[in-house]
Amino acid sequence: MSDAGLIDRFLEMMAAERGASRNTLAAYRRDLEQAGEWVKGRLTDADAAALRKLMADYQSLAASSAARKLSALRQFFAFLQGEGERADNPALDIARPATRRPLPRILTHDHVKRLFDQAEEEAAGDAPPAAAVRMLLLLELLYGSGLRASELVSLPRRAIAGEREYLIIRGKGDKERLVPLSERARAVLDRWVPLLADGSPWLFPSGKAHISRVRLFQMLRELAVRAGIDPTAISPHVLRHAFATHLLEGGADLRALQLMLGHADIATTEIYTHVDSRRLVELVNKRHPLARMDGAHPEVDLAAPSS
């Protein structure tokens, strides 16, 4: 079978068995087709030496882009191996490009408070503008539930069915997860739902569809200006980072945070463990067993059997 046919079969498998998103499938197709143009002969017949030369040509790319291209090759050749198209996976011999994940921008507790103070003030009263109630709910869900911007703006009404203790989120890879809905968010939601136009399937409708991520970004920065905060410091993603960082500071479990954020790999969640030295010292002083011994050394029974 031709390279094109095998790439098609590989992408069908990625979609059906692994739930790869359309963006991931499109990126993998580009990566594999480009690799096929570079390799002399068929990509399916390439050996490790040819792939090393190919990856050497990718040195000018960002490490994350080169790593994605290598990932596409590894998975493609693993698929070929599993299908009996070849006996080995030559991409396994290629060293993964070193990547360094940048630390997310930090939003302070004071900044969060000022944003909420402004949004709550604008949505106060018996008959506040619908746009103000919507802005407050968007803020509650971004910071209170850690949603991605795309997940938030595209929330369907059915996501809040039942007692609404959880939101049903369809995230990356078309995978569903449950995200806790805070009592504060539920209270604002009760104010927002009666203001929604009948017949719209979206929780945040705009015209015939829902509000866009760009519009959400603009609304947040406009709110920041009104709250006296530098608008360049605020974005939907920064609020998602704040949700994760502040939860961990409060003692949240990393695995639980991974599930709430919808990360496939816990290594992605571990970036939020960037706590400062002050917090580490405070943690040891409050939580370590020695902190409860008033400076005295614990007595140890040397005759006791070790476990």
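Tutor: Phenylalanine 10 has 0% relative accessibility and therefore counts as buried, where buried means under 20% relative accessible area with a 1.4 Å probe and protein chains only. This is a predicted model, in which local features need pLDDT of at least 70 and side-chain atom pairs count only at pLDDT 80 or more, while totals for chains, interfaces and linings use all residues. Residues are numbered from 1 along each chain as its sequence is written, and side-chain values use heavy atoms, with hydrogens and water left out.

Student: How many aromatic pairs does a search of the whole structure find?

Tutor: The search finds six, with rings of Phe, Tyr and Trp (its six-membered ring) paired if their centres lie within 6.5 Å, and called stacked for planes under 30 degrees apart, edge-to-face for over 60 and tilted for the rest. One of them is the stacked pair of phenylalanine 10 and tyrosine 28, at 6.4 Å centre to centre and 15° between the planes.

Student: And how do phenylalanine 10 and phenylalanine 76 pair up?

Tutor: Those two are edge-to-face, 5.6 Å centre to centre with 75° between the planes. Phenylalanine 10 lies in helix α1 and phenylalanine 76 in helix α4 (residues 63-82), so the pair ties together parts that are 66 residues apart in sequence; helices here are DSSP runs (H or I, at least four residues), numbered from the N terminus.

Student: Which residues do the ring pairs link into a cluster?

Tutor: The cluster consists of Phe10, Tyr28, Phe76, Phe77 and Phe79.

Terms used
Helix = DSSP H or I, 4+ residues; strand = E, 2+ residues; numbered from the N terminus. Buried < 20%, exposed > 50% of the residue type's maximum accessible area, 1.4 Å probe, protein only.
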